Amino acid sequence: MKKLLIILIVLSLMLTSCTKKSESNLDHLGRIKESGVITVAMEGTWAPWTYHDEKDVLTGYDVDVASAIAQKLGVKASFVEGEWDGLFAGLDAGRYDIVVNGVDITEERSQKYNFSTPYAYNKTAIIVNQDRTDINSFDDLNGKKTANTISSTYAGVAESYGASVTGVDDLNQTFQLLLTNRIDATLNSEMTYYDYMKAHPNEKIKIAALSEDATEVAIPIKKDSDNESLVKAINKALEELKAEGKLKELSEKYFGVDISNK
């Protein structure tokens, strides 16, 4: 009996060791598929990209895009909401698998993250109160006060033109500062402006200027050899969604136009 017990213990330890070894050999994509869940981080406060509808259900273009990608990968999307800066801190720490939140590809971000192929293209709008006549171009931002989440692309653009940027947590705070004349302007997605006006048709704000070129919106993934297959799988999913017309369909649903092409 003792010999049999020892054999069973040894076999159990060997099985546990083999299982752990098998798990350690899985890359990021393998672990996602094994768990059946991909954790997606987003703000949930930036309509029509990610927001809550009248029933307080998380929805938006990026929610549907992320869900469609998850389906292509054969897993479910688990959404985690947080403030902009916290999304990337969580990605860095490995708490989230990807961030899907209208993220523009920039040179600085590309040094730290691998990006998927672009799935949307987005022009930058300067938004001001209707009675402002002194801001008609990006050069006019010099010496002006704007507001955005500090690490956003829009904050960087505003600063590059000489604006002083006030840091905020979300889009609602930005518009509150603008409407109460505590800032001169804010930079944001052209589509976000149209969506905001759809929900607040009586607000007296306008687009003072639009960028000539559209930025490329993509999915940032932590730069690591462990993530190479995940990037390829997401790119393949996006390629299929575009070919199937799904990205176009979702664009028109949330923006009224197709933003999946330049």
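## A tour of the predicted model

Select Trp49 and Tyr61 to begin: both residues are buried. The model is a predicted one, and every stop below is read from its coordinates.

Stop 1: Trp49 sits in the loop between β1 and β2, while Phe255 belongs to helix α10 (residues 246-255), so the pair joins distant parts of the chain, 206 residues apart. Trp49 has a relative accessible area of 0% and is buried. Phe255, at 11% relative accessibility, also counts as buried because the cut-off is under 20%.

Now show the aromatic rings throughout. The whole structure holds 10 aromatic pairs. One of them is Trp49 with Tyr61, again edge-to-face, at 5.8 Å centre to centre and 80° between the planes. Here the loop between β1 and β2, which carries Trp49, is linked to helix α3 (residues 61-73), which carries Tyr61; the two residues are 12 apart in the chain.

**Stop 2: the cis peptide bond.** Stay in the loop between β1 (37-42) and β2 (51-52), where Pro48 is found. Which form does the peptide bond from Ala47 to Pro48 take, cis or trans? It is cis, with omega near 0°. Most peptide bonds are trans.

**Stop 3: the sheet.** Select β4, β1 and β5. These 3 strands form an open sheet in the order β4-β1-β5, with parallel pairing. Val40 is opposite Ile98 of β5.

**Stop 4: a charge over a ring.** Select Arg95 and Tyr96. Arg95 lies over the face of the Tyr96 ring, at 5.9 Å from the ring centre.

**Stop 5: helix α6.** Select residues 153-160, which make up α6; its buried residues are Thr153, Tyr154, Ala155 and Ala158. Residues three or four places apart in an α-helix point the same way, because there are 3.6 residues a turn. What do the buried residues of α6 pack against? Their partners are α5 (107-112) and the strands β7 (120-122), β8 (124-129), β9 (145-148), β10 (164-167) and β11 (186-189). Step just past the end of α6 to Gly162, where phi is positive, at about 90°.

Stop 6: Most residues other than glycine have a negative phi. Asp56 lies in the loop between β2 and β3 (58-59), and its phi is positive, near 65°. Is Asp56 buried or exposed? Asp56 counts as exposed, because its relative accessibility is 54%. Asn181 is in the loop between α7 (171-179) and β11. Its phi is also positive, about 60°, although Asn181 is not a glycine. With 57% relative accessibility, Asn181 counts as exposed.

Technical notes. Residues are numbered from 1 along each chain as its sequence is written. This is a predicted model: local features need pLDDT of at least 70, side-chain atom pairs count only at pLDDT 80 or more; totals for chains, interfaces and linings use all residues. Side-chain values use heavy atoms; hydrogens and water are left out. Buried means under 20% relative accessible area, exposed over 50%, partly exposed in between (1.4 Å probe, protein chains only). Helices (H or I, at least four residues) and strands (E, at least two) are DSSP runs, numbered from the N terminus. Contact means heavy atoms within 4.5 Å. Rings of Phe, Tyr and Trp (its six-membered ring) pair if their centres lie within 6.5 Å; planes under 30 degrees apart count as stacked, over 60 as edge-to-face and the rest as tilted. A charge sits over a ring if NZ of Lys or CZ of Arg is within 6 Å of the ring centre and within 35 degrees of the ring normal. Two strands pair if DSSP finds at least two bridges between them.
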